[in-house]
Amino acid sequence: MMPAQNGNTFLPEEDMLNTILNELKRTVREYTTATTESSCPDVRSMFTTLTSETLKMQGEMYQLIEQNKQYPSAVPHAMKSDVQKQLQEIQKNNQKTREFTGQKTAGLGAYSHAPNVPEHRPNVPAQ
């Protein structure tokens with residue numbers, strides 16, 4: 001930590017750890033947004049990796065804070081059956097979304113609409 005001029009630390013350790021935890025959470029949100037808005041597969045992959053790495057760091061920071069008994073309040077543990085039920089519902093919704101999207105986009109090819117002008121001849125002769 002950064003010492004102040006009078007010898008005290010810049011921030012108490014609890015505040016510093018919570019600030020870092022909050023910044024990691026914010027960063028994950030930003031990376032997730034960037035991932036979903038990326039049209040380039042390489043950029044999307046990069047943000048997916050960054051999101052995963054940041055989530056790992058956030059989890060480690062949370063564990064550190066919890067071990068030091070510095071987390072503001074304990075979070076109740078979820079029942080495994082409740083988590084499984086939620087996961088199954090999410091998976092069903094994802095499947096329905098994929099099916100719906102597939103039905104609506106089938107056969108569209110490279111364009112989502114038919115051209116509104118006839119194809120024209122090139123202006124420049126082929127060389």
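**Figure 1. The aromatic pair of this predicted model.** Searching the whole structure turns up one aromatic pair. Its partners are tyrosine 31 and phenylalanine 47, which sit 5.9 Å apart centre to centre, with 45° between their planes, a tilted arrangement. Because tyrosine 31 belongs to helix 1 (residues 13-37) and phenylalanine 47 to helix 2 (residues 41-67), the pair ties together parts that are 16 residues apart in sequence. If you are looking at accessibility here, tyrosine 31 counts as partly exposed because its relative accessibility is 23%, while Phe47 is buried.

**Figure 2. The largest nonpolar core.** Let's turn to the six residues that make up this core: Leu17, Leu21, Leu24, Met61, Tyr62 and Ile65. Helix 1 and helix 2 are the elements that each give two or more residues to the core.

**Figure 3. Methionine 61 and its contacts.** Here is a closer look at one member of the core, Met61. Once neighbours within four places in sequence are set aside, methionine 61 is in contact with Leu17, Ile20, Leu21 and Leu24. Met61 itself is among the buried residues of helix 2.

**Figure 4. Helix 2 and its buried residues.** This helix has 27 residues and spans 39 Å from its first C-alpha to its last, close to the 39 Å expected at 1.5 Å a residue. Follow it along and you will find Phe47, Thr51, Thr54, Gln58, Met61, Tyr62 and Ile65 buried. A handy reminder for reading such a list: an α-helix has 3.6 residues a turn, so residues three or four places apart point the same way. Helix 1 is included in what covers the buried residues of helix 2. Just after helix 2 comes lysine 69, with a positive phi of about 55°.

**Figure 5. Stepping back to the protein as a whole.** Of its 127 residues, 13% count as buried. The protein exposes about 11,300 Å², with carbon and sulfur atoms supplying 55% of that area. Among contacts between residues at least 6 apart in sequence, 48% join residues at least 24 apart.

Terms used:
Residues are numbered from 1 along each chain as its sequence is written. This is a predicted model: local features need pLDDT of at least 70, side-chain atom pairs count only at pLDDT 80 or more; totals for chains, interfaces and linings use all residues. Side-chain values use heavy atoms; hydrogens and water are left out. Rings of Phe, Tyr and Trp (its six-membered ring) pair if their centres lie within 6.5 Å; planes under 30 degrees apart count as stacked, over 60 as edge-to-face and the rest as tilted. Helices (H or I, at least four residues) and strands (E, at least two) are DSSP runs, numbered from the N terminus. Buried means under 20% relative accessible area, exposed over 50%, partly exposed in between (1.4 Å probe, protein chains only). A nonpolar core is a set of buried Ala, Val, Leu, Ile, Met, Phe, Trp, Tyr and Cys residues joined through side-chain atoms within 4.5 Å. Contact means heavy atoms within 4.5 Å. Accessible areas come from the Shrake-Rupley method with a 1.4 Å probe; for residues, only the protein chains shown count as cover. The expected span of a helix is 1.5 Å times one less than its number of residues.
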